[in-house]
Amino acid sequence: MTELLRIEGLRTVFRQKMGEVPAVDGVDLAVERGETLGIVGESGCGKSVLSLSIMRLVAAPGRIAAGRVLFEGNDLLGLPAAAMRAIRGNRIAMIFQEPMTSLNPAHSVGRQIMEAMRAHDRSLGARALRARAVEALARVRIPAPERRLHEYPHQLSGGMRQRVMIAMALACRPDLLIADEPTTALDVTVQAEILALLGDLQRETGMAIILITHDLGVVAETADRVAVMYAGRIVEQGPVGALFDDPQHPYTLGLLGSIPRLEQTRERLLAIDGAVPPPFALPSGCRFHPRCVFAHEACAETDPKLARVGADAGHRVACLRAPLEQFVSRAA
Amino acid sequence: MTAPLLEVSGLAKHFPVERGVLFSQRLGVVRAVDGVSFTVERGETLALVGESGCGKSTTARLVLRLIPPTAGTIRFGGEDITRLQGEALRRLRQRMQIIFQDPFASLNPRMTVAEILEEPLKVHGIGGRAERQARVRELLGLVGLASYHAGRYPHEFSGGQRQRIGIARALAPNPELVVCDEPVSALDVSIQAQVVNLLGDLKRELDLSYLFIAHDLAVVKHVADRVAVMYLGRIVEMAGKDEIFAAPRHPYTRTLLAAIPRPDPHLKPAAVASGDIPSPLDPPAGCHFHTRCAFAIARCRSESPVLAAAGGGNGAGHFVACHRAEELPAAVLPHGAAALPPNAERRLALYAELSRGA
């Protein structure tokens, strides 16, 4: 496998009354060609700002303050605007959570797909555009694509709208697709279909996917590697097998325990108390320590760095108390 | 034996679909709710589960008398409330409240939390000013918020906290029945768990009954006593919680179960019945589910199955509407062997122990 995207020391800040506060604070990540990287965390942990930073779509008062985003070795952050436009939507595409608000309600689905295609290839004639739009809809398994071209977003179900979004995103055959909570607003049955579709399309085209979600269940079913994000930082990352077999960070454990499981008989769900701190009120030391049941005094003082843990070479965690084995053995 | 708290029989709501304003022309009828019967006992949680468009939210609004039914009866505490009007209806509303899905849209941004919680008390003429303020403080404590939150506005709260405010508002007039309309669907998984636990605690403390609307059977497993699965306006299966999760009979129930993502990367995602829910304007003939059903036979396409007691097993109180319910193979549950890996399980147990101690 070869590396497609490498993020180094990325820091994205937002200007507020009290000065600049970080939403993404020193993130390092890599994505191989053809793989799926899952980025997991609660609302407000910085995962969406991270994806917008990759696309250079962070709007004022936000700005990328430091770091590099290397796409096939070229730093996207240093590119002129025109060169970035040639990559955005063409080589790296993005789909969002709410397919209703991402589509224009006043234009037919076909017109919107063709508009995106024409923006990237001005040489296409009307007939060729139409044929490619039909092909794009057929590729995301939309039945009767010729007829659907003339329909408007309100005539489609939530799942169909998300398929249209995926069709638009994949129209230029990107090497990387960033999917920001693509199934969060959908029914579980439709979610399963969309995730299966993304997997099929990945096998057909060989594209890499960055899947952003708050649900570890979704990650388990789709991702090759996982990064868990908290308060602007990655707190644990590794291959999906290692992370689920041997979860190390208390935050990862909390996310795992929150998932309602069918086979579980316990009445109460494990919950993480409290909420993600806002970027202007980050706790000292480990940013998770006020919510952490394993925390001790040192956690409030020392900021833990990502370090290797467990049996897998790619598995890393930022926790002073790792491995939690010391407690496990005492409890046993 | 006392009458159930809520008893709904043959409930239906049909929405006419028309074109034009002056000389309007009827195009058809959407049978959003099409002959639904169920009961909710005192202290019980009944979950209504189904995909978007199955009629579960319309059923909730009918039960609350927010919209008039086309047919059927609703009895609350033994009394027929189907045609209740005026003052009697207003007094009834004190006894049945609702928690909405979207905690961002359901709180007035111009009111403080204290004003939001006081409003239902004022509307129902409960207590004087001092008593109402004491009640507001009590409600905040009940849902795990602090008394200094009373003076703040909704935008100052996170999604999970806002949902707690919505819950406190529903509890303000001391209702007997609370309709929860997808109360956790808009929240992060970690916050969902907090709210699900809170709803369970409140039910035990205050002896509440819930009608719990959801599209996710995994959440339902943790809140419901009984489960009714709806598809295109009809109940297709209804049973006690343990029964429906251990031995789901209807192919649609099995589809919903299979669709739940499982936190285990070693399991292959289950194959799920494909296709969208058909238009309720023109539902398929026979069994509504036959277009997506892997077990459909000719009879399913012509004859509509009725909800009947499921035979075999310990099926008391288990009802299913499927021609083939008796002959289907036992459900192969995708989550059969899915315990977490030993390391994860051990650490989660420790996590649970420490959070209890805290």
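The radius of gyration used here is taken over C-alpha atoms, and the globule rule it is compared with is 2.2 Å times the number of residues to the power 0.38. With 332 residues, a compact globule would come out near 20 Å, and chain A has 21 Å, which agrees.

This is a predicted model, in which local features need pLDDT of at least 70 and side-chain atom pairs count only at pLDDT 80 or more, while totals for chains, interfaces and linings use all residues. Residues are numbered from 1 along each chain as its sequence is written, and chains are lettered from A and ligands numbered from 1 in the order in which they are written.

**Confidence and overall build**

The predictor assigns the complex an ipTM of 0.82 and a pTM of 0.87. For chain B, the average pLDDT (the predictor's confidence in each residue, from 0 to 100) is 88, and 94% of the residues score at least 70.

Chain A holds twelve helices and twelve strands; helices (H or I, at least four residues) and strands (E, at least two) are DSSP runs, numbered from the N terminus. Its C-alpha trace spans about 70 × 50 × 40 Å along the principal axes of chain A. A residue is called buried if 20 or more other C-beta atoms lie within 10 Å of its own, exposed if 12 or fewer, and partly exposed in between, with C-beta atoms placed from the backbone. By that count, 51% of the 332 residues in chain A are buried. Two residues are in contact if their C-beta atoms, again placed from the backbone, lie within 7 Å. Among the contacts in chain A with a separation of 6 or more, 63% link residues 24 or more positions apart.

**Sheets and the helices on them**

Strands pair if DSSP finds at least two bridges between them. In chain A, four strands make an open, antiparallel sheet in the order 2-1-4-5, with strand 2 (19–32) and strand 5 (74–75) at the edges, each pairing on one side only. Chain B has an open sheet of eight strands with mixed pairing, ordered 6-7-8-3-9-10-12-11; strand 6 (96–99) and strand 11 (308–309) of chain B are its edge strands.

| Strands | Sense | Bridges |
|---|---|---|
| Strand 4 (residues 62–71) and strand 5 of chain A | antiparallel | two |
| Strand 6 (residues 92–95) and strand 7 (residues 176–180) of chain A | parallel | four |
| Strand 10 (residues 234–240) and strand 12 (residues 319–320) of chain B | antiparallel | two |

A:Leu70 stands opposite A:Asp75 in strand 5 of chain A, A:Ala93 has A:Leu177 in strand 7 of chain A as its bridge partner, and B:Met238 faces B:Phe319 in strand 12 of chain B. In strand 6 of chain A, A:Ile92 and A:Met94 point one way and A:Ala93 and A:Ile95 the other, and all are buried.

Helix 1 (residues 47–54) of chain A lies across strand 1 (3–16), strand 2 and strand 4 of chain A, at about 70 degrees to strand 2. Axes are lines fitted to C-alpha atoms, for helices over the stretch in contact, and angles run from 0 to 180 degrees between N-to-C directions. Eight of the eight residues of helix 1 of chain A are buried, so this helix is largely enclosed by the rest of the structure. After helix 1 of chain A comes A:Arg56, with a positive phi near 55 degrees.

**Where the chains meet**

The contact draws 50 residues from chain B and 51 residues from chain A. On the chain B side, helix 5 (159–171), helix 6 (189–206), helix 7 (217–221), helix 9 (251–258) and helix 11 (342–357) each supply at least two residues. Helix 11 of chain B gives the largest share of that side, eleven residues. By type, the chain B side divides into 25 nonpolar, 15 polar and ten charged residues; Ala, Val, Leu, Ile, Met, Phe, Trp, Tyr, Cys and Pro count as nonpolar, Asp, Glu, Lys and Arg as charged, and the others, Gly among them, as polar.

Helix 9 of chain B is mostly covered, with eight of its eight residues buried. Its cover includes helix 8 (188–205) of chain A, together with strand 3, helix 7, strand 9, strand 10 and helix 8 (241–246) of chain B.

In helix 6 of chain B you will find B:Leu198. B:Leu198 counts as partly exposed because it has 19 C-beta neighbours inside 10 Å. Leaving aside neighbours within four places in sequence, B:Leu198 is in contact with B:Val143, B:Gly144, B:Arg164 and B:Ile167.
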